[in-house]
Amino acid sequence: MQCPALPDGFDFTDPDLLQSRVPLPEFAELRRAEPVRWIPQSGNIAGFQDEGYWAVTRHADVKYVSTHPEIFSSYLNTAIIRFNEHIQRDAIDAQRLILLNMDPPEHTRVRGIVQRVFTPRAIRALEERLRNRAHAIVETARALPGASFDFVTQVACELPLQAIAELIGIPQDDRAKIFDWSNKMISYDDPEYAITEEVGQESAMELIAYAMNMAADRKQCPAEDIVTRLVSAEDEGSLNSDEFGFFVLMLAVAGNETTRNAITHGMHAFLTHPDQWEKYKADRPSTAAEEIVRWATPVNAFQRTATQDTELGGQQIKKGDRVGIFYAAANHDPEVFTDPDVFDITRDPNPHLGFGGGGPHYCLGKSLAVLEIDLIFNAIADAMPDLRAAGDPRRLRSAWINGVKELQVTLG
């Protein structure tokens, strides 16, 4: 079936598209008429030697792909749906060492180790320190001179970075390095940054080397911290230095960039839906953080690769085909959400897929991300209740991240 409202050549991973907007109208058309659709790509535009991918837009289908890793692999082509066209295949294959790009049983082994970082007890132990940090971040922003400031750099980025530093023992003074490295790793599609694929790879290697040095230090001199528990518990299974390095790299993106963008999108949503901001300030509903993540959907899409011929959404998927799972489309599925295009901080239940579609790759750090979002908006509501937008958000040019580079705001 042809989808008449989708122009020929339309590609949901075109970084120019996501720089301008999330294609919600096109997602809606596909969900209605062709929920699994082949999207052709010319040449090697995405870094893969193939002819395109299947776009999956319904909530139920995204969940199905996510929960069947034996049919839909993260390892074969990684979870990143589009690289730069100049990337070499060995650079793609090297990313298989990241947890995000593993399949069971290796994924099960590594996840079983690193999830020690995210136990309820570990998160509870951080809560008071992060609450204090959230208030300090907001107070610092409030004291800035000038008529306006950039919410992204002054507020949104700070708590996720500080949380990662608290979590695994990175000195707080080094968080600027983590911020810089992670920005360079994901910004190669945005010409404003003038970041090449090579610079991104060099930044990744610098971050990995930094983490590997941490691991080596803890193996030689164990301490009472998370890093020691991850790399030194030989009797319980531990990460080797390479694995720990790639784990920290994943944290830098999954635990920093995504939460930062959720906070930024959430603030913009409040500023453009003042009734919701007034409701939040008055009631502080516990449901707000989940709705912010649904609304923001910081990761627009990941991909899987079919390990066998299969059927999905009425389409015949062949072994080796890439399958794009579009979380933003799933999070606006009217079969699941009442009034999905409405920002409603009291939405409950809220079975969004902003933390993934379930299965082995469901976000390890969900509870930490929700806590950070809750703490920072409580702090903003306390100290900057009259925050106003001072300009439109400037969006990141990216094939798969729903990112904001700058959001100017003003007090009162």
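Okay, let's start with the inside: the largest nonpolar core here has 87 residues, and those with the most contacts inside it are F151, F244, F247, I376, F377 and I380. By nonpolar core I mean a set of buried Ala, Val, Leu, Ile, Met, Phe, Trp, Tyr and Cys residues joined through side-chain atoms within 4.5 Å; buried is under 20% relative accessible area, with a 1.4 Å probe and protein chains only. Helix α12, residues 241-272, gives this core its largest share, 15 residues.

Quick word on the source: this is a predicted model, where local features need pLDDT of at least 70, side-chain atom pairs count only at pLDDT 80 or more, and totals for chains, interfaces and linings use all residues. Residues are numbered from 1 along each chain as its sequence is written, and side-chain values use heavy atoms, leaving out hydrogens and water.

So what does F244 touch? Leaving aside residues up to four places away in sequence, F244 touches A211, M214, A215, V227, L230, V231 and L239, where contact means heavy atoms within 4.5 Å. There's also a second, separate core of 45 residues, including F10, F48, V62 and I325.

Now the sheet. It's open, with three strands in the order β4-β12-β9 and antiparallel pairing. Strands are DSSP E runs of at least two residues, helices are H or I runs of at least four, both numbered from the N terminus, and two strands pair if DSSP finds at least two bridges between them. β4 (149-150) and β9 (387-389) are at the edges with a single partner strand each, so one side of each has no neighbour in the sheet. β4 pairs with β12, residues 408-411, over two bridges, and D150 sits opposite Q408. β9 and β12 pair over three bridges, with R388 opposite T410.

Technical notes:
Buried < 20%, exposed > 50% of the residue type's maximum accessible area, 1.4 Å probe, protein only.
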